[in-house]
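Welcome! Have a look at the sequence and the model, and then let us walk through a few of the side chains together.

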Amino acid sequence: MLTALSPSPLPPHAAPCPAEAHDVVETRLWIEEHDWLYALLRRSDNVAPMFRIPDLLSACVALVFARPDAAERIFGFMGTALVLRSPTTVRRRESLWRPQFELLHDLQCSPLNRHPYPKFQLDQFTTACVALCQQDDASGAAVLRQARRNMVERLLAQQRVSPAAAPPN
């Protein structure tokens, strides 16, 4: 006979997860880029810590936006490579961290994405960032390095907002 057990509460020494639901934003990613990112997630050198898709996806966005020609590269990819793909291409639902979402959202709301230019959606901007990272470094090593930097930046920002939450020295 199987018995269902109710989940036990967290032990007193367990800390709640620092990531709040509002810290990540949902987006979609075209299947080709999702497959590359998933392969990066499963790589043997993605350890200590093992970064998940929101970390890797946000790292791709941060890497692309670190360059001064980010908008030109993103619109260039969308206007040449992405536009030639089937508009019914399968997409996967994923999440990214809010700071990188805001970069994409600002670009999506920019004059370059308004009349008379074609209107691209968030999933296309997200996909472009992953594709550009894959073109720049197919190994994904740069994405893993950037994921580490993003993690440090998030924790430092959290400590500035809430100094009492800082870990003891």
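Is Phe125 buried or exposed? At 0% relative accessibility, Phe125 is buried (under 20% relative accessible area, with exposed meaning over 50% and partly exposed in between, for a 1.4 Å probe and protein chains only).

## About the model

This is a predicted model, where local features need pLDDT of at least 70, side-chain atom pairs count only at pLDDT 80 or more, and totals for chains, interfaces and linings use all residues. Residues are numbered from 1 along each chain as its sequence is written, and side-chain values use heavy atoms, leaving out hydrogens and water.

## Aromatic rings

A search of the whole structure turns up two aromatic pairs (rings of Phe, Tyr and Trp, with its six-membered ring, whose centres lie within 6.5 Å; planes under 30 degrees apart are stacked, over 60 edge-to-face, the rest tilted). In one of them, the centres of Phe75 and Phe125 are 5.5 Å apart and the planes stand at 90°, so this pair is edge-to-face. Phe75 sits in helix H3 (residues 70-80) and Phe125 in helix H5 (residues 122-136), 50 residues apart; helices are DSSP runs of H or I with at least four residues, strands runs of E with at least two, numbered from the N terminus.

Phe75 is buried too, with a relative accessible area of 15%. Ring pairs join Phe75, Phe120 and Phe125 into a cluster.

## The buried side of H4

Helix H4 (residues 98-108) has buried residues as well: Gln100, Phe101, Leu104, Leu107 and Gln108. They cover an arc of only 125° around the axis, which puts them on the same side of H4; the arc is taken from the directions from the helix axis to the C-beta atoms.
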